[in-house]
Amino acid sequence: MDALDGNAIGGLLIDVFGAEMTAARSTCATCGDSRPVAELVVYRQAPGTVVRCRTCGSVLMVFVRAHGAIDTDLTGLASLSQPDRPLSGEQWLACRTSTQARIGQVGPTR
Amino acid sequence: MSPVTRGFQHLRRAPAAEAGRVPPGQHVVGDFPVLSAGPTPHTPLEDWTFSVTQDGQMRESWTWAELQALPAETITADIHCVTRWSKLGTQWRGVPVDVLLEAAGYDAPYVLAFCDGGYTTNLPVEDVTGGKAWVAFDYDGGPLPPEHGGPARLLVPHLYFWKSAKWVRGLELRDHDAPGFWETYGYHMYGDPWKEERYAGD
Amino acid sequence: MERRAVRGRLTWQVATVTSVTQETGSVVTIALDPADWPGHRAGQHLDVRLTADDGYTAERSYSIASAPGEPVAITVERLEDGEVSPYLTEELRAGDKLELRGPIGGYFVWEPADGGPLMLLAGGSGVVPLRSILRHRRRTGSDVPARLLYSARTLPDVIYRGELDQDHDGAQVIYTLTRSQPPGWTGHTGRLDQALLAEAAWAGEANPLAFICGPTSFVETAAAGLVGLGYPPERVKTERFGATGGR
């Protein structure tokens with residue numbers, strides 16, 4: 001099964017972030033590669049959705065639907081920037097980020 | 001539940017198996033879905049090894065040829081994926097993990113299986129010994145295809161199939177149970193399909 | 001660039017199928033009348049969700065084939081081992097209801113104000129969002145130069161051929177047929193490669209804006225090829241379908 005790209009999870013990202021995110025700019029915490037989320041490598045056929053850096057293959061984001069919520073891990077990201085509108089997470093959102101991550105307005109962290 | 005779509009049939013669902021064979025929340029399929037969290041690795045067999053390690057030390061290691069020379073078994077098993085499909089009567093050939101751990105010697109309660117591509121999964125040693133687990137290299141009468149974990153994968157059919165790590169390269173013996181890849185992202189540490197232990201907290 | 005706000009959370013809604021039109025032997029266009037459609041941008045997609053009577057659901061994404069302002073339509077290719085596409089291409093009929101949500105996407109979109117020259121590359125059913133872009137260009141009277149390079153297996157597999165073969169205010173269409181060609185074919189043959197791109201794509205110096213859509217392997221080859229011709233990577237937009245099973 002070929003990997004897809006971030007376009008394929010446009011709907012999921014709206015569920016998680018409450019906003020269109022495929023045009024947001026991501027930066028990999030491992031190698032620093034920076035590109036729109038739409039260009040990241042996406043694996044959907046799995047127990048969860050795994051988003052990897054196109055340059056170094058590191059895991060950037062993982063989304064797991066469990067217990068009626070979407071558990072989101074962004075620890076592989078150094079930053080995610082969405083310049084044009086504030087992010088609003090209406091759904092319960094649990095984001096785990098590394099101490100060095102600058103995630104901006106993604107929402108409350110646990 | 002969403003409104004039913006006229007005329008849409010659940011095509012991949014196979015006829016219901018006899019009662020007691022399918023864990024709760026699962027449905028039987030006829031095909032063998034491919035699920036992956038990353039690209040398919042392609043390690044050449046001449047570079048492939050399987051290792052048992054502990055505290056950063058190698059306890060034992062086998063090349064592909066050495067693994068093939070070990071006593072192998074044919075296994076028929078029902079497998080259950082946490083994404084709710086089950087496949088019955090799958091046929092494999094592999095080396096029992098008992099053989100590998102006995103050769104390496106072990107006195108730890110847990111293992112972490114590690115794989116090409118970085119995937120890991122944790123299991124109690126009790127669940128990979130006593131005839132419950134294999135390093136499998138043949139599926140359905142032929143070499144295990146890369147998309148299904150070839151050249152070799154861990155096979156632990158009594159647990160959800162994410163524990164049957166694809167592209168396995170070894171087992172790390174551990175004193176404590178530490179979460180592997182999916183366990184870190186919210187899946188259950190143990191994964192018993194008969195208790196529906198899918199997610200942490202189940 | 002004008003952006004449309006996403007109205008809060010994206011919610012599923014029911015759409016009535018108004019028509020199912022055969023485009024090629026294995027491809028149909030499904031016109032839809034959603035309950036509450038906010039409009040869409042050229043290049044966006046929508047998600048479809050099917051529910052079987054045992055509660056099993058399957059979701060797929062399909063690019064919107066129509067231009068902004070036209071009724072919403074998707075074009076679906078029947079995939080041999082598909083779970084959803086055989087239903088949509090062979091069973092679905094006018095009057096049926098389909099659950100969908102959309103529009104989705106803010107990266108793979110084009111407005112006339114984005115300019116060009118536009119270089120569109122389609123692999124198989126990847127032509128769908130590019131056709132939305134071409135229709136939008138035509139409907140707005142845009143004079144942005146546009147060229148479509150469309151890779152298909154055979155001529156009968158070319159989707160929207162009648163429409164594409166008309167001269168749309170200067171939009172050029174170049175085909176390459178990869179599996180077989182009709183007698184007397186003088187066009188390109190074989191899979192997309194660097195040589196074909198060098199011949200058929202706008203030169204890098206023109207600072208084109210590229211949109212590439214199709215199977216993952218096609219997109220990777222095309223994107224690398226355009227960057228190799230000097231296209232700035234940030235002006236090469238990509239959308240990958242899986243090799244099997246669509247998105």
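The expected span of a helix is 1.5 Å times one less than its number of residues; helices (H or I, at least four residues) and strands (E, at least two) are DSSP runs, numbered from the N terminus. The model used here is predicted: local features need pLDDT of at least 70, side-chain atom pairs count only at pLDDT 80 or more, and totals for chains, interfaces and linings use all residues. Residues are numbered from 1 along each chain as its sequence is written, while chains are lettered from A and ligands numbered from 1 in the order in which they are written.

**Exercise 1. Check the length of H2(C) and work out how covered the helix is.**

Step 1. H2(C) has 13 residues, and at 1.5 Å a residue these should span 18 Å. The end C-alpha atoms of H2(C) are 18 Å apart, which agrees.

Step 2. Now for burial. A residue is buried if 20 or more other C-beta atoms lie within 10 Å of its own, exposed if 12 or fewer, and partly exposed in between, with C-beta atoms placed from the backbone. By this rule 11 of the 13 residues of H2(C) are buried, and the helix is mostly covered. Among them are C:Val128, C:Leu130, C:Ile133 and C:Leu134, and also C:Arg131 and C:Arg135.

Step 3. The cover over these buried residues includes S4 (57-63), S5 (73-77), S7, S8, S11 and S12 of chain C. Just after H2(C), C:Gly141 takes a positive phi of about 70 degrees.

**Exercise 2. Describe the parallel sheet of chain C and the helices that pack on it.**

Step 1. Start with the order. Six strands of chain C form an open sheet, S10-S9-S8-S7-S11-S12, with parallel pairing; two strands pair if DSSP finds at least two bridges between them.

Step 2. Look at the edges. S10 (188-189) and S12 (236-241) of chain C each have a single partner strand, so one side of each is left without a neighbour in the sheet.

Step 3. Zoom in on one pair. S7(C), residues 118-123, and S8(C), residues 146-152, run parallel and are joined by six bridges. Within this pair, C:Leu120 has C:Leu148 of S8(C) as its bridge partner.

Step 4. Axes are lines fitted to C-alpha atoms, for helices over the stretch in contact, and angles run from 0 to 180 degrees between N-to-C directions. Contact means that the C-beta atoms of two residues, placed from the backbone, lie within 7 Å.

**Exercise 3. Describe the antiparallel sheet of chain C.**

Step 1. This open sheet has six strands in the order S4-S3-S6-S1-S2-S5, and the pairing is antiparallel.

Step 2. S4 and S5 of chain C stand at the edges with a single partner strand each, so one side of each lacks a neighbour in the sheet. Neighbouring strands are turned by 40 degrees against each other on average, direction ignored.

Step 3. S1(C), residues 13-24, pairs with S6(C) in the antiparallel sense over four bridges, and C:Ala15 stands opposite C:Leu98 in S6(C).

**Exercise 4. Describe the side of chain C that touches chain B.**

Step 1. 16 residues of chain C are in contact with 12 residues of chain B.

Step 2. S3 (45-51) and S6 (97-104) of chain C each supply at least two residues of this side, and S3(C) gives the most, with three residues.

Step 3. By class, this side of chain C has five nonpolar, three polar and eight charged residues. Here Ala, Val, Leu, Ile, Met, Phe, Trp, Tyr, Cys and Pro count as nonpolar, Asp, Glu, Lys and Arg as charged, and the others, Gly among them, as polar.
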